[in-house]
Structure formats: structure tokens, C-alpha cells
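The sequence and the structure are shown first, and the description follows.

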Amino acid sequence: MSYTLTGRIQTRVVSALPALLVALALQRWWAIELVALMLGIGLILDAGVYHRALAYQPAWLALPLGTLEFGLVYGAMRWLHLLAPLRWAVGLYAIGWVSAQLFGHAVFPRLRLEYAEDGGELGRRGALTTVAVAAIVLGGLGAAYAVKPPTIHLHGTIQGPLVIRHAQTLVGGTVKGGILIRANNVTLRNVTVIGGDNGIDVLDARHVMLDNVRIVGVTLDGIHVRRSSVMIENCKITSPNGPWVQGVDISFSMDKEMSMVEGCTIVGVREGIVTHMTMVDVTHNHIGATSLRGITMGEMSMGAINHNDVLGAHGVGIICLDHSECSIEHNTIVGTRTDPTGDSSRAGVAIEAHFFANAKVKNNTVIASPGGVQAFDGSTVTR
Amino acid sequence: MSIRRREPLRRPLNVPRPFFSKRGLAAYHAATTERRAATLRELSTPSYPSGASWDEPVRAAEREGRFRVEHSPNGSHQVIAATGFRQGFQNDALLADLVDAHDLPVHDRWIVLEPDSTVAALTDETRTLSLAGVAAQWAFPAADTIAGAKYAAHGFRRRVCRTR
């Protein structure tokens, strides 16, 4: 097809209609934003590149161009921090791409016999549909922007404790005495917390994101989560103020959305990451020199403990505890030390299932941990 | 023996793709009559595609003495086969008569048509005359193709629907 610029634009915008309808049906802002992103990138390529470079566009180019645009959309998603679930995002893009092929090769030529001769232009009805689709997308974007939580930039040091009761994004700064989150859709990014009982307290809140937070000198938990769902990425918890400090504790959240702890570095605490009655994924974390256990998935928790490094834990490296269901894969556990109390369940055990827990263990690296991989008190370890 | 008055160009057989859609046709239709005629003359120059798949069989035939190119019959007693066309509406009795009878506008060897392939002087609210095939090149340079037939048909359909 030899598209005119108008034809390219009309064809692209109207072809996005199925993806837009799916996005509206999903009732999620990210879906509207993703369709807008797909359209925006496509239109920029149409006007800036394709129209000049492709006087004639053979059908087979749909595949490489689709791959190129997919890469650009994915990159833009990451760059803009568009919080779309990857699987859904790929699905929405696939719907957009497939519908563009169907519309371009079957629907448009059928509905408008002059489609090819007119270089992809869709006539008066097509122009109206183009305007309607564009208006819906822009309206959706505007609405998404209007209800977006405000972003607050902190500068310097603030005396806490800081209590957050409304959806917002907090960026930067240092807070002394801890932060309490009591609202949904709160994001903390690049925030440092010094001191307090709990560094960051999350109570009865959903869709909370803690990104690159640093916590030092707390007396109880670095991050303390109760009846909430959180995503914790790239946190750093060090220098505990006392022997009872836990790094991350997520508990009593089984009826909430799944939580995630990823890419955190936690050193010198009693337990690095501990969960009770929670669905959670614990991945790509680095836990060092814990005095009780490195990672604990306990009390009927469910989830995956994958790709973590647990170094120099005292007694136990990773434990699946008390009726929990754990998938433990691709972890590296090094130098787990034997507890001198003589308790065999703490005799430098790298991976342990305890008290009717079920652990599926696969492809872990265990070094210098005399207790190896063991099950106690009616638990099972399957390989 | 191939007798050629001029060497063919090496280029794809197709009319350039943009001339099949509004992308190329818009500029073509907006051009002056002389520019448009120059475009058609250029497109109707004899040609064949470049590439070894076209050259190799001819070279092989030349090596074996089965084929050669000459600029004149060169003393041969007879021509067995000839290709080429008498171009232009003047060589078609029906079209020539049509032009004479209605004093239709022409340019060089082409009947001047509207962009939708209709003859303006013979198309109004009550009647429609549309040309298709090679005679419709003034409206669509690739008129002697299936795409050209569709182009003329679509234009005719639009006119007829409006007439009704």
C-alpha cells in the first residue's frame, strides 16, 4: 500500500478502536495511558519516519515494524513509569497490532472500495471516527491526569513521624522518626528514613509502592506491613538500633493483592525478610549477617523465594515455616553458621521447611552451610 | 534476431507504486498537461527489469548463436514475429471517432480525462462516459492493469450513483 499521510493517520487511529474498547472495559487508567502511548508513538513514526521512508509499504513490513513499535512502546512504558501489568500490556498491544492487520487488509477495503486507491484514507465517516477515537483517548488521558495522586518532593531533613492519609507520591528527602502510610495508592521514591520504631509502617493500604527507600537506625522493623499490599523495590535497610530489628515484615495480608519484595539489600538485622499469612514474591534480594534467619515465609504464607543471596546468616538461611507453601529456586546461600544452642533446626541450615510446611526446592546454590537442606516437624521438601 | 530501434531501460516492469494510490496520483493529477504527458511518455518507454535472472538466459542464447540484437532487418528476407503497439487514441477507430464526433479535448496521443477516468464533455447529471484500459492513462498511469480497471470502475460507480 502507498499511504498518504492522512491515510496513515486515519488508518492507525481507527484501527486502535478495539484496543481502546478493551482498555475502557478494563477500567484501569494504565490501559488508557497505554493505548495513548501506542497511538502517540505510532503517529510520531508515521509523520516523522514512515511517510518519508516508505513510499510503498509491502504487507510483510507489518511484522518488523510491529516489533520495532513494540520495543519503543515497552521502552516508553519503563521510562514513563507506566505501572501496567506486563502480561496485560503485551496483550493490549497484541490486540492493537492484530486489529490493525485485520482492519487494513480486510475491514477497510471491504467497507470502502477505494481504500487502496485513496492511500488509506477513510472518507468522511472515517475522519469522524478518527476524531472520535482521538477525543476518547485524549479525554481518558486528561481524566487519568486529573485523578493522578500529587507528587510531593521533599528536600532536606524532615522531623517525623510523617503520617500519610491521602494518595500521593513522595520523592526524595530524609525523614527522621519514621513514616506511617494509611492510604491506598501511595508511592515513596528515593526517600531516606532515619530512626523510629518502624522505618516505614504500612497499615490497611493497597497499591503501595516503596521504590529505592533507605532505612537506618530503627528499633523494630525497617518496613512493617499489616493487612496491606505493597511493592518494595531496591530498598536498603542497614544499621539496626537494637537486637530485635527485622528488615521487612509483611503480615496478615492473605486477603489482599499479592505483595513483592525485589532487589533489596538488608544487613545486620534479626530476620531479613519475614512474612506471615501473606501471598508474596521475594526475589533478587541480598540479605547479610542476620542473627535469626535470612528469609522467613511463615504462618500459612504462599509465594516464591527466588534468585536471592543470603550470606552469613546465623542458624537458618531460608525457612518455609508453619503450613506455608513455598517455591524456593535459584537462591545462593553462603556461610550459614551453626547456632551454639544445639538446636538441630538451627545448625547452619541453608534451606529449611518447618512445621507442616511444603517447600519446592530447585537449582539453589548452597555453600559452607553445614545444615544443608532439611525438613522438620512434618514438613516436606520436594526437589 | 531482435531488431530494436532503441535500447530498453533497465527498471521494474511496474509503474512506481505511489501512482497506484492517492499518494502519487494527487501530484500527477495536479500537474500541468505537458508534465503529465511527459510522465506518461517516460512510463511507456520500453523496459525490462535488471538482474541476472533476466540477463543470463539472453547471454547463454548469444553464446550459442541463437540470439543477437540488430538495429535494422539487416538483409533478412522476412520478419517472423514483431512486438510493439500503435500507441494513442488515433490508432483506435472507435476512440478516434468519439473524439471527432464530440470534439473532445486531447493532448498528444491521450484523450484528456477527469481524475476519476470520466470524459468531462460527455458526463453530466444524466449520463456518464468513463474510459478504462490503456485509453484511460490520462487519469491513471497504470490504467492497463487490474488495479486500473478497478480504479475506473470505482470512479464510474461514484458517478452513476450520483446520477441516479
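## A bent helix in chain A

Helix 3 of chain A bends by about 50 degrees at A:Asp46. The present description concerns a predicted model. Helix 3 covers residues 29-53 of chain A, and its 25 residues should span 36 Å at 1.5 Å a residue; the C-alpha atoms at its ends lie 34 Å apart, which agrees.

Several residues of helix 3 of chain A are buried, namely A:Ala31, A:Ile32, A:Glu33, A:Leu34, A:Val35, A:Ala36, A:Leu37, A:Met38, A:Leu39 and A:Gly42. The cover over the buried residues of this helix includes helix 1 (5-15), helix 2 (17-26), helix 4 (62-79), helix 5 (86-111) and helix 6 (123-146) of chain A.

## Helix 1 and its cover

Helix 1 of chain A is mostly covered, with nine of its eleven residues buried. These are A:Gly7, A:Arg8, A:Ile9, A:Gln10, A:Thr11, A:Arg12, A:Val13, A:Val14 and A:Ser15. Helix 2, helix 3, helix 5 and helix 6 of chain A are included in what covers them.

## Chain A as a whole

The secondary structure of chain A consists of six helices and 31 strands. Chain A has 383 residues, of which 42% count as buried. Among contacts in chain A with a separation of 6 or more, 44% are between residues 24 or more positions apart.

Strand 25 runs parallel to strand 22 (residues 302-306) of chain A, and five bridges join the two. Here A:Gly303 stands opposite A:Cys326. Five bridges also join strand 25 to strand 28 (residues 358-362) of chain A, again in parallel. In strand 28, A:Asn358 is the bridge partner of A:Glu325.

In soluble globular proteins, nonpolar side chains tend to be buried together. The largest nonpolar core in this model has 62 residues, and those with the most contacts inside it are A:Ile200, A:Leu210, A:Ile232, A:Cys320 and A:Ile351. Strand 24 (residues 316-321) of chain A gives the most to this core, with five residues.

Leaving aside residues up to four places away in sequence, A:Ile232 touches A:Leu210, A:Ile223, A:Val248, A:Met260, A:Val261, A:Glu262 and A:Cys264. A second, separate core has 31 residues, including A:Leu39, A:Trp97, A:Phe103 and A:Ala116.

## Backbone features in loops

The peptide bond from A:Gly160 to A:Pro161 is cis, with omega near 0 degrees. A:Pro161 lies in the loop between strand 2 (157-159) and strand 3 (162-164) of chain A.

A:Met277 is not a glycine, yet has a positive phi of about 45 degrees. The loop that holds A:Met277 is between strand 18 (271-276) and strand 19 (279-283) of chain A. This residue counts as partly exposed because it has 19 C-beta neighbours inside 10 Å. A:Ala289 also has a positive phi, near 50 degrees, and is found in the loop between strand 20 (286-288) and strand 21 (293-298) of chain A. With 16 other C-beta atoms within 10 Å, A:Ala289 is partly exposed.

## Contact between the chains

Nine residues of chain B are in contact with 13 residues of chain A. On the chain B side, helix 1 (22-30) and helix 5 (146-163) of chain B each give two or more residues. Helix 1 of chain B gives the most, with three residues. By class, this side of chain B has three nonpolar, three polar and three charged residues.

Conventions: Residues are numbered from 1 along each chain as its sequence is written. Chains are lettered from A and ligands numbered from 1 in the order in which they are written. This is a predicted model: local features need pLDDT of at least 70, side-chain atom pairs count only at pLDDT 80 or more; totals for chains, interfaces and linings use all residues. Two residues are in contact if their C-beta atoms, placed from the backbone, lie within 7 Å. Helices (H or I, at least four residues) and strands (E, at least two) are DSSP runs, numbered from the N terminus. Ala, Val, Leu, Ile, Met, Phe, Trp, Tyr, Cys and Pro count as nonpolar, Asp, Glu, Lys and Arg as charged, and the others, Gly among them, as polar. The expected span of a helix is 1.5 Å times one less than its number of residues. The bend at a residue is the angle between axes fitted to the seven residues ending there and the seven starting there. A residue is buried if 20 or more other C-beta atoms lie within 10 Å of its own, exposed if 12 or fewer, and partly exposed in between; C-beta atoms are placed from the backbone. Two strands pair if DSSP finds at least two bridges between them. A nonpolar core is a set of buried Ala, Val, Leu, Ile, Met, Phe, Trp, Tyr and Cys residues joined through C-beta atoms within 7 Å.
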